[in-house]
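User: I'd like a close look at one part of this model, with the cut-offs spelled out. Start from the domain layout and work down to the local detail, please.

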Amino acid sequence: MKVLLVRPPRIKQAITLGEFMYSEPIGLEIIYSMLESQHQVEILDMMAEQVDIVDKLIEYKPQVVGITTLCIDVPMVIELAKKVKAHNPNIVTIIGGTQTFLNPQGFFTDVVDHVMEFTTSENLTKLLQYLEKNNRAPDINDKVPMIDGIRSRSNEFQSTRKLGRNEYIHPNRKSTRKYRHNYSYFGYKQSAIMATAQGCSKVCRFCLRWRIEGHVEEYFPMDFVIEEIKDIDESTIMIIDNDFLHNGKRILELCERLEQEHIQKSFICYASVQSILQNKEAVRRFQNNGLKAVLVGYETFKNEELATYQKKSTMEENLLASKFLKSIKLDVWASFMIHPNWDSKDFKAFRKYIKQLSPETISLSPLTPFPNLPLYQEYQDRLLYDKDDFEKWSFGQVIIKPSKMSINRYYYELLKTNIYVNTSIRNVVYMIRKFGLLTLFRLLKGSSKLFVRYVKLMLASGDIQKGKGHIFILSGYSGAGKNTIINHINKNNCSLEYIPSVTTRAIRPEESQGNPYYFISEKEFHERVANNSFIEYEEIHGNYYGTIKSIYEQKLSNGCNIIKDIDVNGALKFRQVFGQQVTLLFIQPSDISVLIERLKKRGDNAKDIKTRMNRIEYESQQKPHFDYIITNDNIDEAIEKVLTIIDNVLDNK
Ligand code: SF4
């Protein structure tokens with residue numbers, strides 16, 4: 001069969017390390033090897049070649065199109081599959097890669113025929129044999145055989161027994177010959193990537209790799225490894241094992257073989273601090289055999305965070321590992337995860353710690369709790385994006401709402417730290433000495449794209465300009481005390497403005513325009529509804545109540561800070577409209593039965609009480625969407641708590 005294997009283009013708006021680490025599509029090269037003896041195969045690397053997939057389909061006329069996917073490119077992959085099917089519905093579309101293992105459901109659409117949860121010579125051969133016999137895309141009525149690891153549309157994407165994981169056989173690097181001049185690893189252009197093992201026994205809590213590959217290292221035979229190294233044309237090889245320096249004996253064995261066979265290559269690898277410190281002799285010998293740089297995931301500068309990540313090292317050991325690598329003249333490329341609970345002081349202390357570590361380069365990414373990780377449950381209430389908003393989950397994007405500063409401020413600190421650590425004189429001199437001016441310019445171009453992206457995200461987070469205001473919404477069960485709190489704050493805090501809602505109900509003798517509402521006619525109200533003027537509105541006993549968006553927008557742009565009480569649904573609407581320019585506070589008593597008792601005493605009938613209880617239950621379910629829960633058992637203390645939150649938020653703006 002004629003098979004086209006596609007790596008999708010880069011997602012422009014995503015923050016990735018693509019500008020710095022641009023590696024070959026090794027998964028597709030492996031599949032190429034699996035298929036080449038039986039089929040005609042070609043790889044289209046759309047990251048390297050800007051081509052419309054339809055033009056390629058017209059030129060190559062494939063019967064099967066296989067598309068690989070990472071974590072963030074699901075919509076792009078589906079879009080490509082859509083184009084393939086629109087061009088010719090008989091072309092079979094197969095999707096594979098990291099994301100189909102983690103989230104196969106994301107691809108269950110009628111433009112995808114098969115989703116590979118894992119790919120081996122065996123399951124792929126079986127599928128292609130079936131397709132060849134059928135000679136067309138399977139129809140919904142066709143009985144496609146159930147094959148391990150493959151979910152097929154004509155079987156309603158039913159799951160098969162999951163017996164395996166991606167197989168590693170020698171990738172055919174000739175298949176990407178025309179693209180290879182693009183592939184680089186940081187300053188090392190051109191470079192190849194290869195694996196010598198799968199799995200990782202360090203089982204860090206935030207890591208997907210060991211969950212995909214297994215929690216023990218499974219080594220490929222040394223002959224197999226040497227054969228692959230010899231087959232690589234590029235002088236630099238990035239070894240993509242999760243923790244290559246894990247096994248000292250094996251590194252020594254590799255060195256012996258490199259020496260025996262007079263193989264001279266430059267190597268880069270990932271390693272954990274623990275492995276570096278445990279295998280110093282082996283690392284030294286490997287350095288003599290071409291090891292140039294080590295990518296170390298230090299992750300953080302706080303021991304308590306290292307412990308919660310289940311990293312097996314301390315910040316003191318991080319410093320020791322760094323010192324050792326430097327003593328044997330190895331470059332250290334450090335990576336860190338920025339915790340969402342950091343405040344400005346933490347960022348400052350972090351920059352100081354980096355100075356001590358003095359790595360050659362640093363990559364920083366905010367902690368990302370991917371949906372398949374236990375961290376996801378932990379931070380579910382603070383996620384800024386839905387898990388299906390795939391493109392947002394890119395490296396570098398803030399996913400968890402920071403607890404000690406605004407998102408805008410958090411991006412600012414990230415950007416500042418990035419600039420501070422990566423553009424110091426020391427780093428620039430290193431780049432020029434090591435890779436030359438041209439590479440420096442290429443990487444600076446990449447960095448500037450990253451910085452522009454961060455600035456855009458800061459702007460998008462809503463409150464970058466000085467003078468922009470903030471809204472504090474108090475919500476919760478009625479009778480929990482939010483009005484008392486607001487009245488107190490309004491009387492005593494003239495820096496917060498209260499904006500009355502509008503209503504169509506008749507004005508009462510003791511009331512005036514703007515106190516406690518703006519009174520408008522029903523006609524005007526409906527016109528405003530038609531013009532989408534309201535953040536939220538509702539009808540109560542035949543009268544309409546609403547909050548007008550433009551008033552808030554104007555006040556915010558004038559730098560006013562606003563306080564408002566509103567029901568739970570209204571509060572969530574405010575969040576929808578103004579995003580992180582709103583802080584949501586939920587006011588509750590410690591014992592809900594007090595509220596019920598109050599209703600009974602008030603003489604409410606059983607039906608009303610039942611309605612109120614249902615409402616309370618609904619409101620309780622919405623609590624996770626709120627930024628703060630304030631328990632009001634003592635009104636003075638509750639007021640104090642609210643004022644402290646307001647001060648903190650405004651201080652960190
Ligand atoms: S050492 Fe690296 S690959 Fe291994 S579990 Fe930890 S983060 Fe993952």
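Analyst: Let's start with domain 2 and domain 3: their C-alpha centres sit 55 Å apart. The assignment, which comes from an automatic or database source, puts domain 1 at 2–155, domain 2 at 187–338 and domain 3 at 471–651. Keep in mind that this is a predicted model, where local features need pLDDT of at least 70, side-chain atom pairs count only at pLDDT 80 or more, and totals for chains, interfaces and linings use all residues. Numbering runs from 1 along each chain as its sequence is written, and side-chain values use heavy atoms, with hydrogens and water left out.

Now for the ligand. Around it you'll find Cys-200, Lys-202, Val-203, Cys-204, Phe-206, Cys-207, Trp-210 and Asn-242, a residue being near if one of its heavy atoms lies within 4 Å. That shell splits into 6 nonpolar, 1 polar and 1 charged residues. Here Ala, Val, Leu, Ile, Met, Phe, Trp, Tyr, Cys and Pro count as nonpolar, Asp, Glu, Lys and Arg as charged, and the others, Gly among them, as polar.

There's also a cis peptide bond between Lys-189 and Gln-190, with omega at about 5 degrees. Gln-190 sits in the loop between strands E9 (188–189) and E10 (191–194); strands here are DSSP runs of at least two residues (E), helices are runs of at least four (H or I), and both are numbered from the N terminus.

On to helix packing. H12 (residues 315–327) packs on H13 (residues 344–357) at about 35 degrees, the axes being 9 Å apart. Those axes are lines fitted to C-alpha atoms over the stretch in contact, with angles running from 0 to 180 degrees between N-to-C directions. Met-315, Asn-318, Leu-319, Ser-322 and Lys-326 of H12 meet Tyr-353, Gln-356 and Leu-357 of H13, contact meaning heavy atoms within 4.5 Å. The class tally for H12 with H13 is 4 nonpolar, 3 polar and 1 charged residues.

For another pair, take H2 (residues 53–60) and H3 (residues 74–87), whose axes come within 10 Å and cross at roughly 45 degrees. Ile-53, Val-54, Leu-57 and Ile-58 of H2 touch Leu-80, Lys-83, Val-84 and His-87 of H3. By class, this contact has 6 nonpolar, 1 polar and 1 charged residues.
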